Amino acid sequence: MNVEIILSCISLFGTLVGSLGGILVSSRLTSYRIEQLEKKVNEHNKVVERTYKLEGQMLEVQHDIRDMKTQ
């Protein structure tokens, strides 16, 4: 075989390994960031649910106060 062909094959192998390695690292980073965003969204949803419950409780308390004033 020619030296150029061997050198081309080695270069091709190195390029493939480097590209695949970059893709894998990028994929892991993307997965990690998505997981972190999902955690933040879950925390936000918990706050929204708690706020909704508190608003309902406040309406009940306001009705109770109004009823007590009219008695």
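Reader: Why is Asp-67 called partly exposed?

Author: Asp-67 has a relative accessible area of 36%. Buried means under 20% and exposed over 50%, with partly exposed in between (1.4 Å probe, protein chains only), so Asp-67 counts as partly exposed. This is a predicted model, in which local features need pLDDT of at least 70, side-chain atom pairs count only at pLDDT 80 or more, and totals for chains, interfaces and linings use all residues. Residues are numbered from 1 along each chain as its sequence is written, and side-chain values use heavy atoms, with hydrogens and water left out.

Reader: What makes Arg-66 and Asp-67 a salt bridge?

Author: Their closest N and O atoms are 4.0 Å apart. The term requires a side-chain nitrogen of Lys or Arg within 4 Å of a carboxyl oxygen of Asp or Glu, and Arg-66 with Asp-67 is counted as such a pair. Arg-66 has 46% relative accessibility and is therefore partly exposed.

Reader: How many salt bridges does the structure hold, and which residues pair with Lys-46?

Author: The structure holds two. Lys-46 pairs with Glu-43, at 3.6 Å from N to O. Lys-46 and Glu-43 are three residues apart in helix H1, so about one helical turn separates them. At 45% relative accessibility Lys-46 is partly exposed, and at 47% so is Glu-43.

Reader: How do you know what secondary structure the protein chain has?

Author: Helices are DSSP runs of H or I with at least four residues, strands are runs of E with at least two, and both are numbered from the N terminus. The protein chain has one helix and zero strands. Helix H1 covers residues 3-70.

Reader: What tells a compact globule from the protein chain here?

Author: The radius of gyration, taken over C-alpha atoms, is 31 Å. The C-alpha trace spans about 105 × 10 × 10 Å along its principal axes. Buried residues make up 0% of the 71 residues.

Reader: Which residues form the nonpolar patch on the surface, and what makes Ile-6 partly exposed?

Author: Met-1, Ile-5, Ile-6 and Ile-10 form the patch, with about 460 Å² of accessible area together. Ile-6, in helix H1, has 41% relative accessibility and so counts as partly exposed. Patch members have over 30% relative accessible area and no salt bridge; like charges are joined within 9 Å, nonpolar side chains (Val, Leu, Ile, Met, Phe, Trp, Tyr) within 5 Å. Areas come from the Shrake-Rupley method with a 1.4 Å probe; for residues, only the protein chains shown count as cover.

Methods
The radius of gyration is taken over C-alpha atoms; the globule rule is 2.2 Å times the number of residues to the power 0.38.
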